[in-house]
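User: Please go through this model with me in short questions and answers.

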Amino acid sequence: DALSRTLKMFEYKGLPDTIPERELEKIIQLYGFCYFLEKDKQLYVFYGGLGGQPNEYYQPTQFIVSNAYLQFFKSVEVNEEGVLLWNDYAHMGMYPRIRRYAEFMAECDLTLRFGLINARIVSILEAKDDKQYEEVNLYLNDIEEGKKLGVILGNSFESDDKGFKVNEYRKATSENIKDIIELQQYIKASFYNEIGLQANYNMKREAINSFESGMNEEILIPLVEDMLHTREEAIKEVNKRYGLNIEVSLSKAWKGDRKSTRLNSSH
């Protein structure tokens with residue numbers, strides 16, 4: 001679900017038919033980079049290995065492509081043949097971020113599931129013998145099926161040691177479940193904010209004004225601008241090298257109403 005959203009962050013115009021927009025972004029975001037390279041006079045985008053003797057800044061100097069479908073196996077010098085495009089300046093890609101929040105959400109889902117199950121337990125009935133055990137089970141089954149009111153015969157409710165006990169049990173209260181749900185909302189909002197989508201999380205549990213709603217607007221921009229800029233730089237080199245006119249810009253949801261003229265401009 002997270003990747004399906006981030007794959008729509010950018011829009012491209014002028015891509016050759018051999019490079020689907022979705023596949024381009026999927027490679028960049030999952031692996032942190034992609035490589036534009038020609039095969040039989042057709043331009044493709046590849047994922048492969050980076051290596052070779054590191055340069056003075058310990059960056060890779062060779063790209064190794066191995067594509068069985070195209071029968072394309074080659075090692076090239078980085079940016080001497082083809083163009084390397086990084087997802088961001090940290091060379092991380094989106095996968096580490098997505099995985100981090102996905103793991104948190106999975107833990108929340110598990111906790112919420114167990115909380116909901118425990119919330120069903122209002123009390124624990126403690127039987128003293130087999131007869132009482134059968135009576136209690138029959139009673140609970142009648143209540144669950146709703147066919148008739150449950151009735152327990154005999155001296156089961158007597159207060160001495162012969163009667164069964166009713167132990168109150170309500171560990172998972174509505175407040176506990178509410179806390180888990182709020183944590184889920186917080187994690188989701190944190191992820192969306194990190195990838196540049198406005199998703200305010202209201203800890204005050206009350207209405208917020210427009211000023212409060214826009215307080216984190218500038219925090220949303222750095223990663224998005226970072227990713228956009230790395231794409232612009234690489235696409236400019238691709239256009240120059242291969243005589244193309246590819247354009248990349250933020251999609252509508254990410255442009256929003258930001259004041260940054262850079263993000264609202266056409267690229």
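Analyst: Helices (H or I, at least four residues) and strands (E, at least two) are DSSP runs, numbered from the N terminus. The model is predicted: local features need pLDDT of at least 70, side-chain atom pairs count only at pLDDT 80 or more, and totals for chains, interfaces and linings use all residues. Residues are numbered from 1 along each chain as its sequence is written, and side-chain values use heavy atoms, with hydrogens and water left out.

User: Is Ile 246 buried or exposed?

Analyst: Ile 246 sits in the loop between α7 (217–242) and β10 (247–250). Contact means heavy atoms within 4.5 Å; leaving aside neighbours within four places in sequence, the contacts of Ile 246 include Tyr 12, Pro 16 and Val 238. Buried means under 20% relative accessible area, exposed over 50%, partly exposed in between (1.4 Å probe, protein chains only). With a relative accessibility of 4%, Ile 246 is therefore buried.

User: How far apart in space are Ile 246 and Ile 235, C-alpha to C-alpha?

Analyst: Ile 235 is also in contact with Ile 246. The two are 11 residues apart in sequence, and their C-alpha to C-alpha distance is 6.7 Å.

User: Which strands stand at the edges of the open sheet of three strands?

Analyst: Two strands pair if DSSP finds at least two bridges between them. The order is β3-β2-β7, with antiparallel pairing. Each edge strand has a single partner, so one side of each is left without a neighbour in the sheet; these are β3 (42–46) and β7 (83–86).

User: Which residue is the bridge partner of Lys 39 in β3?

Analyst: Strand β2 (residues 33–39) pairs with β3 in the antiparallel sense over five bridges. The partner of Lys 39 is Gln 42.
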